[in-house]
Amino acid sequence: MNEKKWQLLPACGKEAENLDIILACDGASSVGQIGHEVAVKLTKEEDRARMCCITAIGAGSRAHTDIARKARRLIVINGCQMECASKIVRNAGIEPTYEITVAKEGVDKLSTLDFDDQEVERIAAKIVKDLNKKPVR
Ligand code: SF4
């Protein structure tokens with residue numbers, strides 16, 4: 001791959017206050033992978049949206065917890081009703097601006113890493129629409 005074509009992202013550690021930080025559970029199932037792909041799509045296509053490392057928050061990284069806390073809006077994407085991403089964020093003492101659970105959006109949780117791209121498009125569009133009603137911090 002030609003690195004010159006790679007899309008460089010804003011530095012979340014330096015610019016969190018100006019970013020919609022996205023944390024997705026990235027679970028090993030259809031719905032977890034849809035959530036991951038939605039986070040990637042929003043990061044690549046939406047202005048000032050930036051996926052960040054939820055695993056680091058779960059591991060207690062202060063730097064990553066600070067990013068989530070400082071974000072202008074904090075968007076949390078869960079795969080299934082276990083809502084692990086939301087729990088990690090709240091365990092760190094942070095309240096998300098917006099949460100969504102893919103399995104509550106008409107998608108079955110299946111034991112596969114495969115998914116339908118149309119579901120990614122649909123859920124990403126719903127998040128963008130919902131966020132238009134949410135004030136920026
Ligand atoms: S919310 Fe569901 S899909 Fe995501 S990591 Fe937890 S159990 Fe896996």
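Two strands are taken to pair if DSSP finds at least two bridges between them, and the strands themselves (E, at least two residues), like the helices (H or I, at least four), are DSSP runs numbered from the N terminus. With these terms in place, Ile21 stands opposite Leu74 in S3. The model is a predicted one, in which local features need pLDDT of at least 70 and side-chain atom pairs count only at pLDDT 80 or more, while totals for chains, interfaces and linings use all residues. Residues are numbered from 1 along each chain as its sequence is written.

The protein has six helices and four strands, and from the N terminus on its elements follow one another as α-β-α-β-α-α-β-α-β-α. Its radius of gyration is 14 Å, close to the 14 Å that the globule rule gives for 137 residues, so the protein is as compact as a globular protein of that length; here the radius is taken over C-alpha atoms, and the rule is 2.2 Å times the number of residues to the power 0.38. Along the principal axes, the C-alpha trace spans about 40 × 35 × 30 Å. Of the 137 residues, 39% count as buried, a residue being buried if 20 or more other C-beta atoms lie within 10 Å of its own, exposed if 12 or fewer do, and partly exposed in between, with C-beta atoms placed from the backbone.

The four strands form an open sheet in the order S2-S1-S3-S4, with parallel pairing. Its edges are strand S2 (49-51) and strand S4 (98-101), each of which pairs on one side only. From one strand to the next the twist averages 20°, the axes being lines fitted to C-alpha atoms (for helices over the stretch in contact) and the angles running from 0 to 180 degrees between N-to-C directions.

The bridge partner of Val76 in S4 is Glu99, and the chain passes from S3 to S4 through helix H5 (residues 84-91), in a β-α-β crossover that is right-handed. Asn78 has Thr101 as its bridge partner in S4. S3 is mostly covered, with five of its six residues buried.

Asn78 also belongs to the residues around the ligand, which are Cys25, Gly27, Ser29, Val31, Gly32, Asn78, Gly79, Cys80, Met82, Glu83 and Cys84; a residue is placed there if its C-beta atom, placed from the backbone, lies within 6 Å of the molecule. By class, this shell has five nonpolar, five polar and one charged residues, where Ala, Val, Leu, Ile, Met, Phe, Trp, Tyr, Cys and Pro count as nonpolar, Asp, Glu, Lys and Arg as charged, and the others, Gly among them, as polar.

Glu83, which is one of the residues of this shell, is found in the loop between S3 and H5. Its phi is near 50°, a positive value in a residue other than glycine, and Glu83 counts as partly exposed because it has 19 C-beta neighbours inside 10 Å. Most residues other than glycine have a negative phi. Arg48, in the loop between H2 and S2, also has a positive phi, near 65°, and with 13 C-beta neighbours inside 10 Å it too counts as partly exposed.

Phe115 lies in the loop between S4 and helix H6 (117-131). Phe115 is buried, because 20 other C-beta atoms lie within 10 Å. From Cys12 it is 103 residues away in sequence and 28 Å away in space, C-alpha to C-alpha.

Conventions. A crossover is right-handed if, with the strands pointing away from the viewer, the path from the first strand over the helix to the second runs clockwise.
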